[in-house]
Structure formats: structure tokens, C-alpha cells
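Biologist: I am new to this structure and would like a guided walk through it. Could we begin with the terms and then turn to the details?

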Amino acid sequence: MRLALLFALCLAIVHGQEESCRSGDEDPYLLFGTKTAYTFSNKGIPVSRAHDVPGCQPLAIWMMNRHGSHNPEADEFAGLQKLVMFKNNVIINYRNGNFRNTNLRMCMSDVNLLERWEWNPRLNISYAGDLTSDGYISTQHLAQAWKYRFPGILTDNVHDYLFKYVNDERSSTTFRAFTEGLFSAQADNIDISKESDEKLLRPYKFCPSWSTDVEENADTLTQLNIFESKQEYKEMINNISRRLGFNYDIEHETLHSMYDMCRYNKAWDVTQISPWCAAFTKDDLKRLEYAEDLMTYYKYGYGSPKNQEIGCTGVKDMMDFFRTHVDKETPQQPRAVIHFTEAQMLLLTLQALGARRDLAPLTGDNYHTAVAQSRKWSTSAMTPFNANLAAVLYKCTPNSNFQINDQYQVLFLENERPLYLEECRVGLCSWSFVKNRFGLIADNCNLKFCNGADKVKGISFLGIVLALLLELPTLLN
Ligand SMILES: *[C@@H]1O[C@H](CO)[C@@H](O)[C@H](O)[C@H]1NC(C)=O
Ligand SMILES: *[C@@H]1O[C@H](CO)[C@@H](O)[C@H](O)[C@H]1NC(C)=O
């Protein structure tokens with residue numbers, strides 16, 4: 001009896017290092033880049049009472065929202081469905097004990113969870129990308145939280161609002177959820193001002209010169225490629241492969257499908273354990289998170305100079321709106337302009353505002369530096385599901401608050417917490433600063449550069465026609 005116990009104990013020690021159960025982890029790593037659940041994103045940072053600005057009254061609110069959690073995108077389906085076969089192979093590996101040369105493995109309860117995992121038949125490609133019911137409910141809750149915080153401007157009067165949204169299923173469902181949260185009634189039954197404005201909310205869809213220079217430019221992914229070709233990254237893939245019982249490296253696509261399934265599961269139901277997360281250590285998850293930060297930093301952030309130009313449309317919309325409210329005798333309508341858009345747009349807008357700017361650029365080589373480890377550019381923090389950016393215009397009574405010397409102030413909130421901007425105090429900026437800094441961006445905001453390449457083509461085409469016309473008399477002679 002004692003011997004048996006001792007034997008079990010020895011086994012536990014031998015296997016102890018790598019066999020801890022990740023599904024039982026009390027403090028799992030849940031920052032999953034653009035597929036992070038809202039509640040995990042700023043965990044531990046309380047929603048503050050920053051909106052109570054002594055001596056000031058909120059006049060107007062401008063807000064940009066990302067949709068809640070959604071079904072996999074159409075282009076993710078095939079990869080995710082392959083996990084069904086892949087899972088069977090992992091289970092076979094475990095049954096056959098394919099671990100001769102390694103002590104990397106998942107614990108039995110993690111393996112059992114994986115074995116029981118099945119493709120959810122609810123996931124049908126006809127509904128690819130649609131908001132989930134969890135995404136719907138979290139959006140309603142968020143609307144209620146905003147209304148509770150700003151009852152004076154988020155009123156029951158529909159004329160106080162203007163909604164702008166992207167023309168897709170996900171954004172219009174988000175709009176429905178949000179307005180239901182605000183008015184406790186179906187938006188369809190309410191006569192509410194709404195417009196779909198793709199050029200404002202997705203300018204990058206209409207900007208060939210940006211697409212060529214940034215989105216489709218292979219150089220944009222240079223730093224990501226450098227990171228993924230590091231020895232450390234390759235070793236991670238090797239470790240994950242061995243942990244699943246393969247003695248060859250699994251494909252990049254499989255790795256990403258597992259990662260996506262893990263993070264979707266945790267976003268669809270934050271209380272559930274995803275068996276796919278057990279394939280990764282915390283360090284693996286942090287590397288995958290960094291890889292996505294590198295990608296977004298160059299595609300939508302400070303990494304590419306053109307992003308500054310294209311990110312201005314949201315800032316311009318905000319400034320146009322606030323300018324209609326400043327220096328008016330009576331309150332203006334609407335008091336709330338609320339956008340529904342996607343992660344790319346939020347990232348571009350934050351970047352145009354100069355928020356979350358790191359002292360040094362993020363690169364494929366500097367993962368282990370302090371700048372990268374405590375980076376401000378973090379997609380998990382900036383664009384989880386239901387991400388939001390709000391700017392609230394306040395009118396203050398002069399001299400009522402000794403720290404406030406401007407009659408108007410603007411409070412910036414990111415995911416309901418004060419957004420750090422260098423020239424402001426805990427997200428609160430004087431109107432003179434906002435007017436100068438963001439007014440300049442707004443006034444210079446035009447997307448003329450977008451068709452730059454086309455214009456050159458147009459001119460040269462015109463040139464040829466002109467030249468031909470001029471030549472015509474000689475040719476006819
Ligand atoms: C997906 O949904 C469509 C429409 O509801 C249905 O016709 C189709 O059979 C479903 N496909 C699968 C694989 O369940
Ligand atoms: C791979 O696993 C070994 C343990 O077998 C560990 O020492 C090493 O740090 C791991 N490497 C990475 C990049 O995760």
C-alpha cells in the first residue's frame with residue numbers, strides 16, 4: 001500500500017513538470033488579441049468614475065464601437081473544421097503513447113476534454129461572421145452601462161441620437177442589440193436616425209493607394225515574418241507538436257486553427273474551458289499575441305506612415321460633431337453620435353489620435369525588450385470584442401474647478417477606462433488642445449491620396465489622347 005503510494009508519487013514528480021493541467025489553471029492566460037472577450041481585456045482595472053468631472057456637465061458624446069463576439073469568418077471555416085480529424089489523430093497519439101523522446105504532454109483530464117470536443121453543428125457557414133447570442137447580450141449590457149453613466153445625454157429621446165454603421169449583418173445586429181439596450185425596445189419599432197456610411201467607417205475599403213502601399217504590400221509583414229522565423233518561434237511549434245504526440249512539426253495553418261478555436265471558445269462562453277487552449281503554454285499564447293500585435297502595428301498602426309492619413313475620418317467626424325456643440329446658447333441635437341464598425345477602424349482611429357504610441361517601434365527582434373513586453377500597442381487591450389472608444393464633450397462653469405481653465409473639456413475613454421493621451425489628465429483634455437491638435441487632423445482629412453495612382457494613369461491617358469488629337473491633322477495629311 002505504502003509502496004504503491006510512493007510509486008504514484010514518483011510518477012507524479014517525474015511527469016510533474018509538463019503534466020500540469022491547463023484546463024484546471026486558476027489563472028489562465030486569456031489575452032487573445034482581436035479575439036479577446038471584453039471582460040478579460042481589462043481585467044483588474046476597474047471602470048473608474050472618470051466621467052464625474054466636478055464643475056462640468058456632459059454636453060455630447062461621440063462613440064465608436066466594435067461588434068461583439070461572432071461566428072468564425074467564412075475563410076476560417078475550412079481550417080477549423082479540419083480540427084475534427086486533427087483531434088482524432090491527437091487522441092490516437094495519446095492512446096498509442098507516442099511520447100518516447102519527450103516529456104511534453106497534456107494531462108489526462110485535458111486529453112479527455114479534447115476527446116469529448118465536437119464540431120458544434122450550430123456553426124454553419126451560412127452564418128459565418130454573424131454575431132453570437134453572447135455577443136448580442138454583451139452589446140446590450142454595454143449600452144445600458146453607458147446610459148447609466150451618462151443619463152443626461154443618453155436619454156430616452158430618440159432625437160438625441162445619430163447612429164452610423166457599416167453595411168453588414170454583424171454591424172446591423174450590433175446596432176439592434178445596442179439600441180435595444182438603450183431603449184428597452186426593438187429598434188425596428190423606433191423612428192431613429194441611422195445612416196450607413198462605409199466611407200467614414202471603413203475608408204480603407206475605398207483607398208487603392210493605401211491597399212497597395214500597406215495592406216497588400218508584402219513589406220508590411222516583414223517584422224511578423226522575422227518574428228516567426230526566430231529559433232524561439234520554431235521551437236514553440238516543435239514543442240506544441242510534440243505535446244500533441246506528433247514527431248514532426250504541425251502546419252502553420254493547424255496551429256492557427258487551434259489558436260482560433262481556443263480563443264473563439266473563450267469568447268463565446270467565457271465560463272467554459274476550451275480544450276484547444278490546453279495545447280498552448282502561457283508563453284506560447286503570449287508569443288501568438290505578439291505576432292498579431294506586430295501584424296496590426298504595421299497594417300493599422302504606427303508602423304506604416306500612410307495609416308496616419310487614412311485614420312483621420314473618425315477624428316474628423318468627431319470634430320465636426322463637437323464643433324456643432326461648442327459656443328451654442330442652447331443644447332443641440334443629436335447629443336450622441338454612435339458608430340458601429342470593426343477592429344481595423346478602431347486601431348486606425350486610436351493611432352490617428354496619437355494614443356498607445358510606444359517609444360520604439362515593435363519589431364520581430366525586440367520581443368524580449370521592455371518596450372515590447374510592456375507595449376502600449378496591444379490588440380488584446382485595444383480591440384477585444386465589443387471594444388469601444390468614446391469622447392465626451394463637457395461644458396464647465398469657469399472657476400468652479402481650479403484644475404480646469406477651459407470652458408470646454410473632452411474626456412476620452414477606451415473600453416470605458418480613461419484613454420491615456422500625453423497632453424491630457426487621465427483622459428481629460430482641454431478643448432483648446434483638442435481643437436488645435438485634432439482640429440488640424442480633421443481639417444486636413446481628405447482621402448484624395450487614395451486614388452493617387454489612378455489619377456496619374458488618368459492624366460497619362462488624357463495625355464495620349466491629347467497627343468493623338470494634336471497629331472491627327474498631320475496623320476490625316
Ligand atoms: C446550413 O444552414 C442552411 C440554411 O439554414 C441549411 O440549408 C444547410 O443544410 C446547413 N448546412 C449544414 C452543413 O448544416
Ligand atoms: C520547449 O520545451 C522545452 C522543454 O522540453 C523547454 O525547455 C523550452 O523552453 C520550450 N521552448 C519553447 C520556445 O517553448
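Modeller: Let us start with burial: a residue is buried under 20% relative accessible area, exposed over 50% and partly exposed in between, with a 1.4 Å probe and protein chains only. This is a predicted model, in which local features need pLDDT of at least 70 and side-chain atom pairs count only at pLDDT 80 or more, while totals for chains, interfaces and linings use all residues. Residues are numbered from 1 along each chain as its sequence is written, chains are lettered from A and ligands numbered from 1 in the order in which they are written, and side-chain values use heavy atoms, with hydrogens and water left out.

Biologist: Is F322 buried or exposed?

Modeller: F322 counts as buried because its relative accessibility is 0%. It lies in helix α15, residues 312-323. Helices (H or I, at least four residues) and strands (E, at least two) are DSSP runs, numbered from the N terminus.

Biologist: And which residues does F322 touch?

Modeller: Leaving aside residues up to four places away in sequence, F322 touches A60, W62, A391, V392, L393, V410 and W431. Contact here means heavy atoms within 4.5 Å. F322 and L59 are 263 residues apart in sequence, yet their C-alpha atoms are 9.2 Å apart in space.

Biologist: Which residues touch the most other members of the largest nonpolar core?

Modeller: They are M258, M318, F322, F412 and F438, in a core of 102 residues. A nonpolar core is a set of buried Ala, Val, Leu, Ile, Met, Phe, Trp, Tyr and Cys residues joined through side-chain atoms within 4.5 Å. Helix α12 (residues 252-268) supplies the largest share of this core, eight residues. A second, separate core has 31 residues, among them Y38, V53, I61 and A390.

Biologist: New topic: which residues of helix α5 are buried?

Modeller: In α5, residues 108-116, the buried ones are D110, V111 and L114. Seen down the helix axis they fall within an arc of 100 degrees, so they line one face of α5. The arc is that of the directions from the helix axis to the C-beta atoms. M108 and R116 are exposed on the other side of α5.

Biologist: What do the buried residues of α5 pack against?

Modeller: They pack against α4, residues 83-96.

Biologist: Now the ligands. Which residues are around ligand 1?

Modeller: N124, S126 and Y127 are around ligand 1, where a residue counts as near if one of its heavy atoms lies within 4 Å. An N or O atom in the side chain of N124 is 2.3 Å from an oxygen atom of ligand 1, and a polar side-chain atom of Y127 lies 3.0 Å from an oxygen atom of the ligand. The protein buries 26% of the 360 Å² that ligand 1 exposes when taken alone. Accessible areas come from the Shrake-Rupley method with a 1.4 Å probe; for residues, only the protein chains shown count as cover.

Biologist: What surrounds ligand 2?

Modeller: The surrounding residues are L104, E232, E235, M236, N239 and R287. Helix α11 (residues 231-243) gives the largest share of this shell, four residues. A polar side-chain atom of E235 lies 2.8 Å from a nitrogen atom of ligand 2, and an N or O atom in the side chain of N239 is 2.3 Å from an oxygen atom of ligand 2. Of the 360 Å² of accessible area that ligand 2 has on its own, the protein covers 58%.

Biologist: Last, the backbone. Which residues does a cis peptide bond join?

Modeller: The cis bond joins Q333 and P334, with omega at about -5 degrees. P334 lies in the loop between α15 and β4 (336-341).

Biologist: What is the phi of N415, and where does N415 lie?

Modeller: N415 is not a glycine, but has a positive phi of about 50 degrees. It lies in the loop between β6 (408-414) and β7 (417-418), and is buried, with a relative accessible area of 0%. V426, also not a glycine, has a positive phi of about 40 degrees, but V426 is exposed at 62% relative accessible area.

Key
A polar contact is a pair of N or O atoms within 3.5 Å; within protein, one must be able to donate a hydrogen and the other to accept it, and residues adjacent in sequence count only if both atoms are side-chain atoms.
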